[in-house]
Amino acid sequence: MAEEGVEITIEKTQTLDTMLHLILNQALVAIGAEAGSLMLVDNRQGILQIKARLGKPRPGRKTERVFKIDDKSVGGWVVQNRRSYLCPDVEQDPFFSPSRSGKNFLSLLSVPIIYEGEVLAIINADAEEKGYFTEWHQVRLESVARQVASPIAERISILDALAEVGVELTRLPREGGVEPVLQKIAQLAVRSLGADVVTLYQYIQEKDEFPVEGTGPTIGGTIGDKNPMRRKVFPGDVPWTVVKERKSGFYADVHEQGFLTRDIQRPGDKPRQRFIKREGIQSMAALLLPYRAAELRDEEVVGVMFVNYRTRHQFSSDEISALATFADYAAVAILNARLEEQRRAERIRMVESIAANFAHRMSNLAGTSRVATQLLRSRINPTDVRAQRQLDRIESEARVLLELAERLARPFQETGSMLELAPIDIEPILEAELERVRFAPGQVNLIKELGPDLPKVQSVQFQLQQVLHDIINNALEAMENQEQGKLVVRVRFNKSTSRIEVEIQDSGPGIPREIRDKLFAPGVTTKEHKLGIGLWWCQTFMQATGGNVNLKDTRLGEGTTFVIEVP
């Protein structure tokens with residue numbers, strides 16, 4: 001590339017550090033300077049760091065100075081003002097103290113490298129004689145700065161994006177299954193790697209299969225036709241080849257790769273255009289997930305990701321390193337999501353088993369109670385009003401037990417699962433439970449704070465209602481001995497977790513310190529004649545359905561706050 005009579009050559013496959021040294025060398029040659037440095041700007045930390053230096057070695061130099069971005073140094077001034085600084089005589093310049101004058105250089109030229117309005121770096125040139133640099137040198141060095149701005153920005157953006165990706169992937173919500181994680185990975189890859197299309201195939205190593213038949217891979221970016229990808233992956237297909245050869249690849253020209261272009265015979269499938277031709281792909285990175293599986297044969301492969309470009313793309317050393325690290329991050333995120341799915345499935349099986357046991361025992365108890373009641377009615381004097389009322393109450397309780405057992409068992413009878421999730425509007429369920437506060441013993445001041453436009457939740461309505469009932473009931477029981485209790489219920493949607501959060505705060509005596517850590521364990525209670533399984537069951541059910549129940553805060557003599565999280 002050339003501008004203003006200055007020609008700069010940049011090899012895009014070099015690492016960032018190598019590129020900066022080569023840029024500095026060509027910049028100094030372009031203006032005939034014998035020494036200088038190139039400094040990168042770190043706006044997050046507000047500092048300038050020397051990344052490349054050329055010239056005579058300086059005696060005693062063991063480390064490079066780090067400069068703050070302020071108006072106390074030439075570099076800081078250049079960054080703040082986004083303008084070049086020409087200093088013909090450092091002895092007369094306010095930026096240089098007398099102790100430095102004449103010791104290293106006597107004239108200086110400092111030029112910013114600007115990309116999209118932001119200073120990325122500074123090229124400094126210095127000379128041992130006064131008045132060496134002129135406006136002619138400044139014009140030529142500014143020409144160099146304009147030519148190198150885009151390549152430097154590209155390298156820096158890859159490294160910055162990789163750092164952001166690492167943070168985001170480790171923060172991925174683990175509830176919700178593998179598919180949301182795959183979607184997030186594909187979106188991050190498009191955003192951070194500058195790709196046009198990213199396709200991500202999950203691979204189950206123990207079954208030797210790609211679970212994409214009927215759905216296709218996870219796709220990030222824009223794609224013309226998804227239908228050809230919604231079929232089984234056959235031997236010879238690109239994902240199959242990458243996984244079986246356990247080899248990632250970086251292809252600047254995809255048309256030179258036989259496994260991407262040759263015809264493939266697929267059972268029962270009509271011949272069709274290959275992906276690269278259908279989508280106009282010119283360059284591609286094919287990445288094993290994890291990348292290190294190519295060297296470590298015992299490493300489990302969880303998928304393969306294709307980063308596609310519709311224009312010719314050269315993969316630099318920095319970019320290859322970034323892609324490899326991204327692939328390892330992605331593999332860890334997928335494995336975490338799979339483990340969470342397994343844990344969730346195990347919790348669901350446990351909850352279903354317990355619920356089935358409850359339903360069976362309640363049904364038996366209800367049946368036995370009804371038989372016993374009928375027998376007692378035949379033997380008790382019909383005029384004994386008190387006894388007849390007690391029998392009526394037993395029959396009523398038996399009916400309730402039987403209804404509960406049927407409600408628990410009905411989903412299993414209809415679908416084979418006792419935890420069939422469905423969209424539910426949580427507001428009317430909560431309002432029905434709060435209506436009971438009016439009949440609570442003593443006076444309870446209820447404060448409700450419901451967020452606007454609450455989305456529906458995914459849960460089991462009867463069970464979710466029971467969780468709300470139990471937590472609210474615990475709060476009311478905690479305030480039974482107070483003349484004026486206070487119950488605060490806040491409901492909000494947390495966008496970062498995609499959960500509705502129901503916060504229930506009472507003004508009761510608080511929870512003793514010695515049982516706080518084991519509060520959700522079965523058998524733990526602060527009340528007499530209680531089994532201590534309410535909170536355990538609430539948390540177990542909510543976790544099995546992708547939510548949770550947590551103790552947010554408790555203070556002796558001041559009250560307790562629980563938070564129910566519903567996905």
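Helices (H or I, at least four residues) and strands (E, at least two) are DSSP runs, numbered from the N terminus. This is a predicted model: local features need pLDDT of at least 70, side-chain atom pairs count only at pLDDT 80 or more, and totals for chains, interfaces and linings use all residues. Residues are numbered from 1 along each chain as its sequence is written, and side-chain values use heavy atoms, with hydrogens and water left out.

**Stop 1: the largest cavity**

Rolling a probe the size of a water molecule over the atoms shows where empty space is left. Here a cavity is a set of points, on a 1 Å grid over the protein atoms alone, where a 1.4 Å probe fits but cannot get out. Grid points are joined across faces, edges and corners, and a volume is the space filled by probe spheres set on the points. The count is two cavities of 30 Å³ or more. The largest cavity holds about 320 Å³ of space.

Select Y201, R231, V238, P239 and F275: of the 20 lining residues, these are the closest to the centre of the largest cavity. Lining residues have an atom within 4 Å of a point. Now colour β9 (197–202), α5 (238–245), α7 (275–278) and β13 (303–309), the elements that give two or more residues to this lining. The largest share, three residues, comes from α7. By type, the lining has 11 nonpolar, three polar and six charged residues. Ala, Val, Leu, Ile, Met, Phe, Trp, Tyr, Cys and Pro count as nonpolar, Asp, Glu, Lys and Arg as charged, and the others, Gly among them, as polar.

**Stop 2: salt bridges**

Side chains of opposite charge can pair when their charged atoms come close. A salt bridge is a side-chain nitrogen of Lys or Arg within 4 Å of a carboxyl oxygen of Asp or Glu. The whole structure has 17 salt bridges.

Select R292 and D328. Their closest N and O atoms are 3.2 Å apart. R292 sits in the loop between β12 (283–289) and β13, and D328 in helix α8 (residues 317–379), so the pair links distant parts of the chain, 36 residues apart.

Next, select D392 and R377, which meet in a salt bridge at 2.4 Å, N to O. D392 lies in helix α9 (residues 385–415) and R377 in α8, so the pair ties together parts 15 residues apart in sequence. D392 is partly exposed at 40% relative accessibility, and R377 is partly exposed at 25%. Buried means under 20% relative accessible area, exposed over 50%, partly exposed in between (1.4 Å probe, protein chains only).

Then show E449, R490, R492, E501, E503 and K552, which are linked in a network of salt bridges.

**Stop 3: the open sheet**

Five strands form an open sheet of mixed pairing, in the order β15-β17-β18-β20-β19. β15 (443–450) and β19 (548–555) stand at the edges with a single partner strand each, so one side of each has no neighbour in the sheet. Two strands pair if DSSP finds at least two bridges between them. β15 and β17 (residues 484–494) pair in the parallel sense over eight bridges. To see one, select N445 and its bridge partner in β17, K486.

**Stop 4: helix α13**

Select residues 534–544. Nine of the 11 residues of α13 are buried, so this helix is largely enclosed by the rest of the structure. Among the buried residues are W536, W537, F541 and M542. End at G546, which follows α13 and has a positive phi, near 90°.

Technical notes. 1 Å grid on protein atoms, 1.4 Å probe; cavity = no way out; pocket = protein on both sides within 12 Å on 5 of 7 lines; lining within 4 Å.
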